Structures are given as C-alpha cells and as structure tokens.
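Subject: Structure handover

Hello,

Here is the structure for you to look at. Notes on what was found follow below it.

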Amino acid sequence: MPKVHCYTSATFSYLDRVRVLAQSVKKHHPDWEFSLCLCDKPPPGTSFDIGEEPIDHLIDILDLDIENIQSWIFRHNIVELCTAVKGIVLERLLQTDCEFVVYLDPDIAIFDALTEVEESIRNHSVILTPHQLTPEPSHDIQAIIDNEIGSLKYGIYNLGFITVVNDAEGRRFASWWKNRLLSFCFDDLANGLFTDQKWCNHIPSFFDRVCILKHPGYNVASWNLSQRLVTIDAGGDILINTCRLKFFHFTKVNWIGEVMLERYCRDRIEIFELMLWYRRELRANAFVGLPNIWWHYGSFSDGKPVLQKHRDKYRSDSYLNSKSMNPYDHSDLFWGSDLDLT
C-alpha cells in the first residue's frame, strides 16, 4: 500500500509544538509517516532520542543536498531557514513510494481526519488553503486592513499547509518550489518576498490540477476568525461555521496572534478554551533543559550572536561571498569596525 508522508520543519525551541502536532497526526491518521526536518543542533548537556518521540523519521538539515550548506544556513534567520528547507524536503519525500505528501507547520494541531484531502488527491496534484474564504464587510475597515490587505502583503495562501501528490505535475511543482526557496526564501516585503508564501501566489497560474480547498475547518487561525464561528456541540466536537474543525493554526499564540484573537473573538469563550488546551499541551511536551532563546545557528563558533544585519551583509557583500569559508568561524569579519556593524 502506498505511503503518506507528513512532515514539518523546526528547531528545538519549537519541539513542544512539533510533539503536539505529531501526536495529533498519529491520532487521526495513524498510518501516515511523520518526519521532522531539524534545523538545529541540541543544546549542550541535553539528549534527544528519536525513539522516544512521536516522530518516525528525523532529517538533519546538514544531510540535505545543499551546496556550501553552512554558508547557505548563515544567510537565513530562524524563520527563513525553517521555511527554506520545505521544498527540498518535499522533493526528497516524493522520491519515495508515497502516494502524497502533506506539510504542516509545527504550530498546528489536527482535530479530525483530513478526509477532504484524501478525496481531493484523486483529481488534483497540489492542494492549498487560502487565508480568507469570504470578503470582509465593507464597513469593517479594520478587518479589511488586517485580513484582506494582510493577504495581499503576505500571500493569498497560507503555506502552513500544503499537500502534493506524487505524480508528474506534483513533482514538477516540488522542483520549482525547491529551487525558489533555496535562492529566495527571505522575509523581504519591500522586494515582494515573504519567505515561501508569496511564491505560491503563482501556483494556480503556473501549474495544473490545483485544488483551492475552501472547507472552513482547514487552517483556522487568528487571521480568519472574523469569518469563522467557533462552537462546541453537545458531544464535545469543535465546529467551524457548522463544519467540523479539521486543524487549527496556533500562530504566535503568545504575541500578535493573541491580539488578533481578542479583536475578533470578543466574547466567544470557545476559542479561549482551545487556547488553554493548547498551552497545557505545550507545557506537557516541553523540551527539558532548553536554554532561553536557543538556536545553534544563531551564534558564531566563538559564541558571539549572529545579528540580522550580519546575515543581510553576508547576502549582499560580494567580497564575503567570494571567500571560501564557513562564515560561522569568522565573527571578526562581521563584528569588526571595518564593516561598521558594531
């Protein structure tokens, strides 16, 4: 029987979220194989045993076939890096005997079987979910700014979820996406980029057999709650506009996502019950011994922090790029006064 691969990408700072996601995948799709692409190294003095995790396969970023991997990693901040690997891992998984591949962001939890995906792959090669399904009321200017204009800025489709079928068109898409993300996966709104999302505005034009999945229970998140009513029925099932909740995207639950929840949920207590559940799950799945703000690739080899301006300088400086070196071993080139980066 052909396999289904589900994967995510993350660092140790998001391992609690990965565990919650993997457990929810296994609950509703026990036959799916779950993989984590780890864009990090474990903190000193800690242990990480894949055999004790709800994860079937671990993919180390250093094992990906990327030329000058340390140099490539250095170009990206933590969010950009965890996003940039999505295409190359997708292509790698499509080279197996799987039927289709599902990507889910680590801060997602599944609440019901994704039967609509399994049905859609019969006639489609790529499945996307848009941020918004219905227009905001014309009188609600704040909602238009937050949601409709927000989608114009950051991408029409939320790439916290994508499904790709292992057929010719699906593999053609994966190859294109991989190459774009290897070269251009940056948070650079001024130049039309928001990591992987705005690239995928092109998908319905560039590729055939594309499904825009408009089920309101998919990819429910703070940015679309103005149009999706969350209720809980007598049996305890979570409903979105009378449809079963399929998965919730708990983006930035402790930051801007919280502001958006308060703005659009108002007195709808069900969504806050969902937040309480998720926070409890995160606490129960915390990675023991994780230092505050840990990321192995966030520091030079000598311990000095790599700042965003260092990454920007490295991407744009032809002299630094021409040097055959591991930039992590040369903090002096970035912290030195000659580059005016202090």
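The largest pocket in this predicted model has a volume of about 1300 Å³. A pocket here is an open set of points on a 1 Å grid over the protein atoms alone, where a 1.4 Å probe fits, with protein on both sides within 12 Å along at least five of seven lines. Lining residues have an atom within 4 Å of a point. Volume is the space filled by probe spheres set on the points, which are joined across faces, edges and corners.

The largest pocket is lined by 44 residues, and V79, F194, W223, T251 and K252 are the closest to its centre. Helices (H or I, at least four residues) and strands (E, at least two) are DSSP runs, numbered from the N terminus. α6 gives the most, with seven residues. By class, the lining has 15 nonpolar, 19 polar and ten charged residues. Nonpolar covers Ala, Val, Leu, Ile, Met, Phe, Trp, Tyr, Cys and Pro; charged covers Asp, Glu, Lys and Arg; the others, Gly among them, are polar.

Residues are numbered from 1 along each chain as its sequence is written. As the model is predicted, local features need pLDDT of at least 70 and side-chain atom pairs count only at pLDDT 80 or more, while totals for chains, interfaces and linings use all residues; side-chain values use heavy atoms, with hydrogens and water left out.

The second largest pocket has a volume of about 310 Å³. Of its 17 lining residues, K27, H28, I110, F111 and W277 are the closest to its centre. α1 (15–28) and α10 (269–284) each supply at least two lining residues. The largest share, five residues, comes from α1.

Next, strand β7 (residues 161–165). Five of its five residues are buried, meaning under 20% relative accessible area (1.4 Å probe, protein chains only). F161, T163 and V165 lie on one side, I162 and V164 on the other. β7 pairs with β4 (residues 98–104) in the antiparallel sense over five bridges; pairing takes at least two DSSP bridges. V165 is the bridge partner of F100. Two bridges join β7 to β6 (residues 126–128), also antiparallel, and V164 partners V126.

Last, S331. This residue is found in the loop between α12 (318–322) and α13 (332–335). S331 is buried, at 5% relative accessible area.

Best wishes

Technical notes:
Buried means under 20% relative accessible area, exposed over 50%, partly exposed in between (1.4 Å probe, protein chains only).
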